[in-house]
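Student: Before we look at anything in detail, could you show me how to read a model of this kind, feature by feature, with the general idea ahead of the particular case?

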Amino acid sequence: MKLLFILTAFVPIISSLEVDELNRRTTRSIHSSIYSDILGPQGLHKPSRTKEDSRCGERSGKLLKVVGGAVTAVEAHPWIASIFWRGRFTQRAFKCGGSLISPCWVLTAAHCFPDGTQTKLHRLSVFLGKNAVNETDYTREQKFRVQELIIHHGFDNIQGNFNNDIALLKIIGNGGRCAEESGSVRTVCLPPAKQMLPPGVSCEIAGYGKEREGIWHNSQYLREARVNLLSQDVCTSNDYYGNMVTNNMFCAGCPEWKIDSCKGDSGGPLVCEVNNRLFLFGIISWGEGCSREFRPGVYTRVTNYNRWIAKKTGLASIAAGSMYPQK
């Protein structure tokens with residue numbers, strides 16, 4: 001889907017990135033973003049905070065402004081995961097992005113796994129701390145195999161709009177260990193159920209997708225951009241996507257239509273800062289083209305799925321959004 005991120009780059013890279021089949025409504029990359037309804041927080045009981053979620057959404061990396069976006073290092077997005085697929089006779093290729101929500105769990109998009117529950121888990125691998133898709137930096141990265149894939153039972157693409165586009169990956173590394181916190185690897189916070197920020201709020205997207213529509217290859221580097229949340233009324237108007245956008249989605253974009261997520265960024269994060277902490281409000285899902293006028297990025301509304309996440313992972317405190325500021 002859309003993308004226009006700014007080049008990440010503190011790391012050179014040699015890259016040959018996977019070229020997915022092009023659909024009319026491409027899977028989105030980093031530049032498209034959130035839509036916003038101001039939904040009040042649902043009255044979910046919040047379990048007490050745990051040590052595991054107390055440092056979520058914090059980062060040490062700084063963002064450097066450049067023309068068209070920002071140069072970024074993975075330290076600025078330490079929760080971003082890169083999901084790879086290895087074919088039977090092919091080398092490992094980048095497939096989708098994701099977000100680390102706890103040391104053992106990555107949240108991503110369901111459409112990244114077209115084989116659904118028949119996906120061969122041994123062909124999947126997940127990396128954290130990656131600056132460049134085709135380069136390994138042992139000082140930053142952590143590698144994992146996928147122990148479990150959970151796709152939302154309501155996911156469907158009957159209308160071409162990826163409804164309930166959300167999935168969980170349980171990751172495990174050498175010695176049965178999960179992710180270890182570092183400057184380049186950290187979890188992102190989840191907001192409470194039904195919580196949403198008002199239209200116009202600026203949020204961040206990041207990923208390794210295409211830099212612009214029409215080119216065949218993905219970005220070699222992690223890129224990031226800022227997009228503004230759009231109201232649900234705008235996003236579902238006839239000038240935009242109409243009834244293609246459901247209540248499980250929202251839109252985000254740049255007023256000048258110059259920044260968007262693009263194909264290859266699917267599954268990656270849309271995060272918004274609240275009280276100096278980053279919260280995962282959206283999953284990059286779909287859109288029509290990249291940076292097209294009236295065609296912003298469409299994101300899975302994460303706060304519609306807190307209960308589902310808690311049920312599937314057992315992460316009650318994290319899924320309840322316990323780190324979100326209380327009114």
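Predicted model: local features only at pLDDT ≥ 70, side-chain atom pairs only at ≥ 80, totals over all residues.

Student: Why is strand β10 said to be largely enclosed by the rest of the structure?

Tutor: The reading is made residue by residue, with buried meaning under 20% relative accessible area. In strand β10, residues 167-172, five of the six residues are buried, so the rest of the structure largely encloses this strand.

Student: Which strands pair with β10?

Tutor: Strand β7, residues 105-108, runs antiparallel to β10 and is joined to it by four bridges; here L107 stands opposite L168 of β10. Strand β9, residues 142-151, also pairs with β10 in the antiparallel sense, over six bridges, and in that pairing the bridge partner of I151 is A167.

Student: Is strand β11 mostly covered or mostly open, and to which strands do bridges join β11?

Tutor: Strand β11, residues 202-207, is mostly covered, with five of its six residues buried. Six bridges join β11 to strand β12, residues 223-231, in an antiparallel arrangement, where G207 has R223 as its bridge partner. Two bridges join β11 to strand β14, residues 269-274, again antiparallel, and there I205 has L270 as its bridge partner.

Student: How should I read a pair of aromatic rings, and how many aromatic pairs does the count come to?

Tutor: In general, such a pair is described by the distance of the centres and the angle of the planes. With centres within 6.5 Å as the rule for pairing, the count comes to eight aromatic pairs. In one of them, the ring centres of F155 and F162 lie 6.2 Å apart and the planes meet at 25 degrees, so this pair is stacked. F155 is partly exposed, at 24% relative accessibility, whereas F162, at 9%, counts as buried.

Student: What are the distance and the angle for F279 and Y324?

Tutor: F279 and Y324 form an edge-to-face pair, with 4.9 Å from centre to centre and 70 degrees between the planes. The pair links distant parts of the chain, as F279 belongs to strand β15, residues 277-286, while Y324, 45 residues apart from it, lies in the segment after α3 (316-319). Both F279 and Y324 are buried.

Student: Which residues do ring pairs link into a cluster, and which charged residue lies over the face of F84?

Tutor: The cluster consists of F84, F94, F127 and Y208, linked by ring pairs. R92 lies over the face of F84, at 5.4 Å from the ring centre. Elsewhere, the charged end of K95 sits over the ring of W85, 5.8 Å from its centre.

Student: Is R301 buried or exposed, and what does its side chain reach?

Tutor: R301 lies in strand β16, residues 297-301, and counts as buried because its relative accessibility is 1%. Its side chain reaches the backbone oxygen of N247 at 3.3 Å, which can be read as a polar contact because the cut-off for a pair of N or O atoms is 3.5 Å.

Student: Where is the place of V245, and which residues does V245 touch?

Tutor: V245 is found in the loop between α1 (232-235) and β13 (249-253), and at 5% relative accessibility V245 counts as buried. Leaving aside residues up to four places away in sequence, V245 touches Q232, C235, T236, C251, W286 and V298. A separate reading uses C-alpha atoms: those of V245 and Y299 are separated by 9.5 Å, although the two residues are 54 residues apart along the chain.

Terms used:
Residues numbered from 1 in each chain as written. Heavy atoms only, no water. Buried < 20%, exposed > 50% of the residue type's maximum accessible area, 1.4 Å probe, protein only. Polar contact = N/O pair within 3.5 Å; in protein donor to acceptor, adjacent residues only side chain to side chain. Phe/Tyr/Trp six-rings, centres within 6.5 Å; stacked < 30°, edge-to-face > 60°. Lys NZ or Arg CZ within 6 Å of the ring centre and 35° of its normal. Pairing = 2+ DSSP bridges. Contact = heavy atoms within 4.5 Å.
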